[in-house]
Amino acid sequence: MSRQKENSGGLEWRLRVSDGSSEELVPERSIIHRVWLWVHSLVIALKLMIWKFMGKIWKLGADDPRRVVHGLKVGIALSAVSLFYYVRPLYDGIGGTAMWAVMTVVVVFEFTVGATLLKGFNRGMATLLACSLALGVHSIASQGGEKTEPIVLVISVFLTASAATFSRFIPTIKRRFDYGITIFILTFSLVTVSSYRVEKLVKMAHERLSTIVIGGSMCMIISTLICPVWAGEDLHLLVTRNMEKLAESLHGSVVAYFGEVEGDIGDDEPCKKSQAYKCVLNSKTTEELLANFARWEPPHGQFGFWHPWKQYLKIGTTLRYCACCIEALNASISSEVQAPESAMKYLSVSCIKVSSQCSSVLKELAKTTKTMTRSSIIDISVDEMKITVEDLRNAVKSLPVQLRHQPQQAPHLEAKEEAKRPLSTTLPLLEVLPLVTISSLLSEIAAGIEAVVSAVEKMADLASFNLANDENPTKNKPVTDPSSKQQEQDDAVKAVQMV
């Protein structure tokens, strides 16, 4: 208060109100003070934006540290090829075209080894073919004299560029050699056009090809030897994770739906896992790219020559079909038209059993694919899944009768016993339709999972998966007599029939 009085010359202004009281009039802040507050708030906002941006960068690197390593690898490759420009003996060997090696590293070095090898091969072969064809066209055009040479060169550029560009629309060529065709058109056009003015055309083409080979070789060596990132392993893990996500999503959706009927709505974990199938629906493009890159990679880890990478695409197709069915299942579950609570309680056990068995089969397939080991229990799991699906179908068929007479009885009653009971009242079709739809979708998902099992078994045959520990003949097993072995088989069959 005293400071404000000093600034105003010791005067104090007051405003008298109608009720007799008075209020002090505070002078307005100066323009400089307001500008300072605006600048201060701007600096704070900028600081918060920088911290938020740095947090995203840190999370990006923490989620996959290979990205940080990839950046370092690119820096090493660029530093290595730049020596051809800095060191005089190396510079004298290839001349000013050393910059092409730097450009090659920038455009060829990719995240995975397969992508780097594919791009390096495309760039090298495209440059070689383009330079060879351009030299041949130049030798033919130069035979006609100065007047006809530019005409021949223009026609050759027109025909070659048109044909090469059209070939990019062919699916197979576009998928594997699209980048190479682009480099071919660029190199052929540059060399052909330059041949009309450049005298030492052969030397220019040789230097350009040499520098590209140097840059591409540097990329391949560093990408393969220093912390390699294999596209095949990424594809293998992607398909495995998709199986696990489908298993979680299917069981989570059914448990979340029928758990509300049973009064168990406190756990939000099934609701969160029920949306994991969306990642499977959007994985087609990634799977195709990784499979294309994996074909170019040398043998590594458990993946040898001629590994069936195409089979992963077939497995992915069957998984996406199951994901579409799960999406339709979620749409039916979240529909506004709901079945009666009594009917939902009656089918809840059967539906949860089907989803549980389907999830168990998917998890076993994921384990089989991840470890590349044949499963010893997959056939039993599939049989149990078929039994639960059949029980669900029988429960749906007997739904009106069971609800009327014996709501507490087990759902798998024989049809003859059901026919003996008089049917006096049944539920309306529109009320039961949501449950029938959900049951039908569960049956369709089970059929899709059988297709996944077939695809995984075919891949196991093509890739020669190892036998399970209990099936490996090299393992030392205790000797058992035939009678005990037959007894174990009979017990297994009885267990399956009981389920």
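Partly exposed means a relative accessible area between the buried limit of under 20% and the exposed limit of over 50%. R66, at 32% relative accessibility, therefore counts as partly exposed. The model shown in these views is predicted.

**View 1. The protein chain as a whole.** The chain holds 20 helices and two strands. Of its 499 residues, 37% are buried. Its accessible surface comes to about 29800 Å². Carbon and sulfur atoms account for 62% of that surface. Consider contacts between residues at least 6 apart in sequence: 76% of them join residues at least 24 apart. A search of the whole structure finds nine salt bridges.

**View 2. D64, R66 and D234 form a network of salt bridges.** Side chains of opposite charge can pair when their charged atoms come close. Here R66 meets the side chain of D64 in a salt bridge, at 3.0 Å from N to O. R66 also forms a salt bridge with D234, where the closest N and O atoms are 3.1 Å apart. Is D234 buried or exposed? D234 counts as buried, at 16% relative accessibility. D64 is buried too, with a relative accessible area of 14%. R66 is partly exposed.

**View 3. A salt bridge joins D178 and R168.** The side chains meet at 2.9 Å, N to O. D178 sits in helix α8 (residues 171-194), and R168 in the loop between α7 (149-167) and α8, so the pair ties together parts that are ten residues apart in sequence. D178 has a relative accessible area of 19%, so D178 falls under the 20% cut-off and is buried. R168 reaches 26% relative accessibility and counts as partly exposed.

**View 4. Helix α3 packs against helix α9 (residues 201-225).** Two packed helices are described by the angle between their axes and the distance between the axes. For α3 and α9 the angle is about 145°, and the axes lie 10 Å apart. Their crossing is right-handed. Which residues of α3 meet α9? They are K73, I76, A77, A80, V81 and F84. On the α9 side, the contact is made by I214, G215, M218, I222 and S223. The residues of this contact divide into eight nonpolar, two polar and one charged.

**View 5. W306 has a positive phi.** Most residues other than glycine have a negative phi. W306 is not a glycine, yet its phi is about 55°. W306 is found in the loop between α13 (284-294) and α14 (309-333). At 82% relative accessibility, W306 is over the 50% cut-off, so W306 counts as exposed.

**View 6. S464 also has a positive phi.** Where does S464 lie? S464 is in the loop between α19 (429-463) and α20 (482-498). The phi of S464 is near 55°, a positive value in a residue other than glycine. S464 is exposed, with a relative accessible area of 53%.

Conventions:
Residues numbered from 1 in each chain as written. Predicted model: local features only at pLDDT ≥ 70, side-chain atom pairs only at ≥ 80, totals over all residues. Heavy atoms only, no water. Salt bridge = Lys/Arg side-chain N within 4 Å of Asp/Glu carboxyl O. Buried < 20%, exposed > 50% of the residue type's maximum accessible area, 1.4 Å probe, protein only. Helix = DSSP H or I, 4+ residues; strand = E, 2+ residues; numbered from the N terminus. Contact = heavy atoms within 4.5 Å. Areas by Shrake-Rupley, 256 points an atom, 1.4 Å probe, with all protein chains shown as cover. Axes fitted to C-alpha atoms, helices over the stretch in contact; angles between N-to-C directions. Left-handed = near helix turned anticlockwise from the far one by under 90°. Nonpolar A, V, L, I, M, F, W, Y, C, P; charged D, E, K, R; others polar.
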